[in-house]
Amino acid sequence: MSEIRETSFSATGSVTRDEYDEAARAAGFFRRGRVVAVLGTVLLASAGVTLSSGGLTVHPVPLAIAVAYGLVALLVLPRWAVAQGFRSGRAAEEKRVVVDGTGVEVFRGGESQRIVWDEVRFYHETPRLHVFVGRSRRRTCLVVLPKRLFTAPGESELLAAFGQERAGDGS
């Protein structure tokens, strides 16, 4: 493993929307949000049902509000947030990413952003992607490296071992 500490990986290309969606799922951005949405929906739905002497009384308006809240919070908002992240992060633009012993650096045009290894929360590998999640200046950073950008044999596997060694899987 000591030989990969001196290694530097570089890739140039752009990320597709499908790859960005997969990276957001792999990063688990919405796990806690889903729990909050489910709890909120159950709380709102419980306001639509009361216990009376004749049994349960169902109030349709609070139940309809709970269903609408649940649909928006569980289906619409996560997709909207990923779309916003894709657009605002200009993920579709071509970038150059360098992963080395000091961290992960993304070059876009004339600007660059470096995330040192202490700021990288975890690394996750999917069948198509390498995903690094970190924090830089109080912002969560998602660095997505499609495996299709690595053409040298074994380079993608070496990056996976390097990312796992440096950042771990977040546990």
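Which residue in β8 is the bridge partner of E125?

Modeller: It's H130 that partners E125. Before going on: this is a predicted model, with residues numbered from 1 along each chain as its sequence is written, local features needing pLDDT of at least 70, and side-chain atom pairs counting only at pLDDT 80 or more. Totals for chains, interfaces and linings use all residues, while side-chain values rest on heavy atoms, with hydrogens and water left out.

That bridge sits within the antiparallel pairing of β7 with β8 (residues 129-136), which has 5 bridges; two strands pair if DSSP finds at least two bridges between them. Helices (H or I, at least four residues) and strands (E, at least two) are DSSP runs, numbered from the N terminus. Zooming out, the sheet is open, with 3 strands in the order β7-β8-β9 and antiparallel pairing. β7 (120-125) and β9 (139-146) are the edge strands, each with a single partner, so one side of each has no neighbour in the sheet. On average, neighbouring strands are turned by 15 degrees against each other, direction ignored.

Two helices meet this sheet. α2 (residues 17-27) packs on it and touches β7, β8 and β9 (contact: heavy atoms within 4.5 Å), with its direction at about 125 degrees to that of β9. Axes here are lines fitted to C-alpha atoms, for helices over the stretch in contact, and angles run from 0 to 180 degrees between N-to-C directions. α5 (residues 155-166) lies across β7, β8 and β9 too, running at about 35 degrees to β8.

Back to α2: its buried residues are E19, Y20, E22, A23, A24, A26 and A27. Buried means under 20% relative accessible area, exposed over 50%, partly exposed in between (1.4 Å probe, protein chains only). Their cover includes α3, α4 (60-88) and the strands β7, β8 and β9. Just after the helix, G28 has a positive phi of about 70 degrees.

Now the packing. A nonpolar core is a set of buried Ala, Val, Leu, Ile, Met, Phe, Trp, Tyr and Cys residues joined through side-chain atoms within 4.5 Å. The largest one has 19 residues, and V99, W117, F132 and L145 touch the most other members. β1 (9-13), β4 (95-99), β5 (103-108), β7, β9 and α5 each give two or more residues to this core. Ignoring neighbours within four places in sequence, V99 contacts T7, S8, F9, V104, W117, F132, L145, L159 and F162. There's also a second, separate core of 13 residues, with A24, V82, F86 and F122 among them.

T41 counts as buried at 19% relative accessibility. A polar atom of its side chain is 2.8 Å from the backbone oxygen of A37. Leaving out residues up to four places away in sequence, T41 touches A66, Y69 and G70.

As for the record, an unreviewed UniProt entry lists residues 35-55 and 61-82 as "transmembrane region"; such annotations may be inferred rather than shown by experiment. In the model, residues 35-55 are 62% helix and 24% strand, with end C-alpha atoms 30 Å apart. Residues 61-82 are 100% helix and 0% strand, with their end C-alpha atoms 31 Å apart. Finally, β2 (residues 49-52) and β3 (residues 55-58) run antiparallel, joined by 4 bridges, and a hairpin links them through 2 residues. S52 has G55 of β3 as its bridge partner.

Note on methods. A polar contact is a pair of N or O atoms within 3.5 Å; within protein, one must be able to donate a hydrogen and the other to accept it, and residues adjacent in sequence count only if both atoms are side-chain atoms.
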